[in-house]
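Here is a short briefing to read alongside the model, with pockets, chains and annotated residues taken in turn. Keep the structure open as you go.

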Amino acid sequence: MPLWLDLLIRVAAVMAGFLVLPLVIGQAEHKVMAHMQGRVGPMYAGAFHGWAQLIADGVKFVQKEDITPRDADRTVFRLAPIVALFPYLVVILTIPLGPGLVAQSLDIGLFLVLAVLGIGVVAVLMSAWASANKYSLLGGVRGAAQLLAYELPLVLAAASVAMAAGTLSLPGIVEAWRPWWLIWQAPAAFIFFIAGLAEIRRPPFDMPIADSELVFGYMTEYTGLRFAFFLLAEYVGIVVIAALTTVLFLGGWHGPFEEQLGWLWTLLKIFALSFVIIWFRVSYPRLREDQLQRLCWLILVPLALAQLVLTAAVKSLL
Amino acid sequence: MSENGDRIAPGKGLLDGLAVTFKTMTRRSTTQQYPDVEPDLPPRSRGVIALLEENCTVCMLCARECPDWCIYIDSHKEEVVVPGAARARQRNVLDKFDIDFSLCMYCGICIEVCPFDALHWTPEFEYAETDVLSLLHDKDRLGDWMRTVPPPPAHDVLGEPSKEEATAARKAAGPGAATAAKTARPAGVRATPPTSDPGSPSAPPASAKEPER
Amino acid sequence: MTVADVLLLALGAIAVGSGALVVTSTHLVRSGFYLVVSLGAIAGLYLVLGAELVAWVQVLVYVGAVVVLLLFAVMLTRAPIGPSADLDRPALPAAVIGAGVGLGLTALFVDAFRWTRFPSPDPGTAERLGEQIFGAWVLPFEVLSILLLSALVGAIVLSRPDIGARKAEDA
């Protein structure tokens with residue numbers, strides 16, 4: 001296969017995943033959330049149980065007026081949604097679906113993923129400040145505090161599994177994974193998942209958005225396509241966090257017939273975790289800002305450090 | 001959840017929350033697919049008010065009791081020559097009977113106060129308009145709603161008889177039998193129209209004995 | 001010129017250009033965002049030079065944390081949109097000193113190395129970096145960590161008045 005064709009296929013596959021998976025998750029959120037609340041959710045778009053609702057939403061967003069507030073910093077304001085979306089695109093590049101099935105295999109994929117995810121907070125600050133709106137600014141400052149705090153347990157938990165596997169490459173970690181790691185790395189998996197939820201600002205960690213207090217946080221002033229970009233970033237965020245938890249802690253493509261069906265196992269695990277993320281959103285109320293920081297610094301960080309010690313101890317014993 | 005202030009196990013609340021939402025998800029949702037499926041409303045639902053014009057005597061009670069003053073009535077008097085009577089009777093003729101449903105708060109007081117059962121609730125509710133002025137229903141439109149008035153529910157077989165019925169029964173049975181007529185009345189009495197009471201000299205006026213329509 | 005050379009030059013230009021904008025911009029918060037660009041470009045430079053791990057650590061620590069902390073602090077105190085008139089005084093002496101030092105250092109470097117060619121080092125993989133840090137450079141590494149730890153403890157003592165006050169009463 002010529003190089004350009006190979007490259008084209010990889011880019012096309014990543015773009016397809018980038019555009020389709022969030023829509024599937026978004027639709028699942030519509031329906032699951034509705035049924036958990038005794039409703040039925042969208043039923044009309046696309047005739048069969050509203051399967052085309054998000055496509056209709058997309059069409060609606062495109063038609064809406066693109067408003068930039070008069071006092072806003074125009075360039076920063078317009079750049080922010082793209083900065084919010086871009087890191088996730090890079091992360092999806094590195095996530096292995098099956099054995100040898102990865103868009104871009106990197107020696108230190110884990111580090112890249114964590115580093116690039118950290119860029120998301122810059123987008124939050126950009127949109128928050130440039131909107132020239134006090135609710136936006138408050139949301140942005142909350143977001144920055146939250147993302148900075150939760151990056152620590154996230155990285156520590158990921159470091160634990162990297163230590164266990166002895167590699168920073170994502171496919172390498174999956175290859176080194178054994179079923180008993182589910183118990184050994186369970187606290188790390190828990191911490192990573194919770195901190196990941198906070199990183200993508202999903203309920204119960206959605207204080208930066210907090211629609212009942214801050215209108216819509218840093219997205220308050222956004223309309224039309226730019227707002228849709230932020231929403232898309234949120235759903236890609238769900239995919240990314242679910243995929244990373246799958247790859248790091250749930251053994252990625254491991255399962256029966258993993259040579260042929262590895263990609264299916266990965267996708268199944270991603271969808272199961274996405275379901276849990278949606279489930280959390282329906283079940284739990286939003287945390288208060290001080291409860292959020294307390295959870296991070298007093299529970300997750302010490303737990304992550306303890307897990308590091310445990311991992312090191314078990315690793316040196318083996 | 002915890003009894004006598006006992007501490008519950010940590011995380012139990014979190015798990016309970018998850019369980020509640022999951023259980024709800026597995027159950028059928030209670031959503032009514034309204035525009036596709038007609039709602040199954042109870043027959044006495046307060047949808048819109050219907051007017052039975054023949055029963056109206058223009059007593060104006062409804063218009064006066066209406067808290068919103070949303071009933072507008074106009075009438076004139078007519079002479080009706082009754083054969084055999086000494087002189088012509090006067091009768092009120094309804095010219096206008098409008099209810100402004102943009103003001104109406106569906107309290108139902110007009111229906112309660114109407115002494116001649118001219119006003120009725122109907123469960124019909126799909127009469128939204130794009131123009132608020134069109135919510136003023138005139139007497140033709142109000143009369144048209146009569147089609148949708150459901151038949152009244154059957155009488156409660158265990159309930160006390162109405163005052164008129166009780167009095168009639170007592171008079172028919174003679175003195176001393178009043179309590180017996182009240183308590184030991186056979187269940188079928190209510191179902192038959194009271195006008196079929198044979199030979200009752202002081203039959204109550206027909207209007208009070210006419211629940212069926 | 002190879003692709004790597006072009007990339008190096010381009011990224012260097014971005015880094016220097018946005019670095020200059022950081023100090024010349026009259027928009028307070030924008031200069032923070034320029035700093036993000038500058039540090040990101042430097043990470044790109046590391047990447048081109050083959051030091052992958054250092055590049056991503058640069059992104060993780062500087063772009064994702066340090067600048068964000070800086071912006072966070074600015075936004076908590078004062079974050080006007082638009083130019084701030086009081087920020088940018090014409091400071092000719094400072095510009096002269098800065099430019100002089102920069103040019104002098106450049107001249108010194110150029111003179112010291114002339115056209116000496118060095119083989120480019122092995123790619124800075126995580127493995128190699130780990131071996132270096134925990135092998136040859138373990139002592140400086142540990143000294144640095146003790147320094148950071150003491151700085152952390154110091155920060156806690158400074159920020160918690162209840163600890164500081166008790167000591168003042170005892171003394």
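**Pockets, chains and annotated sites**

The largest pocket lies between domain 1 (3–83 + 91–122) and domain 2 (137–171) of chain C, because both of them give residues to its lining. The domain bounds come from an automatic or database domain assignment. This is a predicted model, in which local features need pLDDT of at least 70 and side-chain atom pairs count only at pLDDT 80 or more, while totals for chains, interfaces and linings use all residues. Residues are numbered from 1 along each chain as its sequence is written, chains are lettered from A and ligands numbered from 1 in the order in which they are written, and side-chain values use heavy atoms, leaving out hydrogens and water.

**The largest pocket**

- This pocket holds about 2100 Å³ of space; a pocket here is an open set of points on a 1 Å grid over the protein atoms alone, where a 1.4 Å probe fits, with protein on both sides within 12 Å along at least five of seven lines.
- The volume is the space filled by probe spheres set on the points, with grid points joined across faces, edges and corners.
- Its lining has 43 residues, and A:Phe111, A:Val155, C:Val57, C:Leu60 and C:Val61 are the closest to its centre; a lining residue has an atom within 4 Å of a point.
- Two or more lining residues come from each of helix H4 (109–130) and helix H5 (134–165) of chain A, and helix H3 (52–77), helix H5 (126–134) and helix H6 (138–159) of chain C.
- Helices (H or I, at least four residues) and strands (E, at least two) are DSSP runs, numbered from the N terminus.
- By residue class, the lining divides into 35 nonpolar, five polar and three charged; Ala, Val, Leu, Ile, Met, Phe, Trp, Tyr, Cys and Pro count as nonpolar, Asp, Glu, Lys and Arg as charged, and the others, Gly among them, as polar.
- In chain C, the C-alpha centres of domain 1 and domain 2 lie 31 Å apart.

**The second largest pocket**

- The second largest pocket has a volume of about 970 Å³.
- It is lined by 39 residues, of which A:Phe61, A:Ala228, A:Leu231, A:Leu232 and A:Tyr235 are the closest to its centre.
- H1(A) gives the most to this lining, with nine residues.
- The lining residues divide into 27 nonpolar, three polar and nine charged.

**How the chains meet**

- Two pairs of chains are in contact, and chains A and C share the most contacts; contact means heavy atoms within 4.5 Å.
- Chain B and chain C are joined by no contact, and their closest C-alpha atoms lie 31 Å apart.

**Annotated cysteines in chain B**

- An unreviewed UniProt entry gives the annotation "binding site" to B:Cys56, B:Cys59, B:Cys62 and B:Cys114; such annotations may be inferred rather than shown by experiment.
- These residues are spread over 59 residues of sequence yet cluster in space, with a largest C-alpha distance of 10.4 Å.
- B:Cys59 sits in the loop between strand E1 (48–51) and helix H2 (61–65) of chain B, and is partly exposed because its relative accessibility is 31%.
- Leaving aside residues up to four places away in sequence, B:Cys59 touches B:Arg64 and B:Pro115.
- B:Cys114, in the loop between helix H3 (109–113) and strand E4 (119–122) of chain B, is buried, with a relative accessible area of 14%.
- Buried means under 20% relative accessible area, exposed over 50%, and partly exposed in between (1.4 Å probe, protein chains only).
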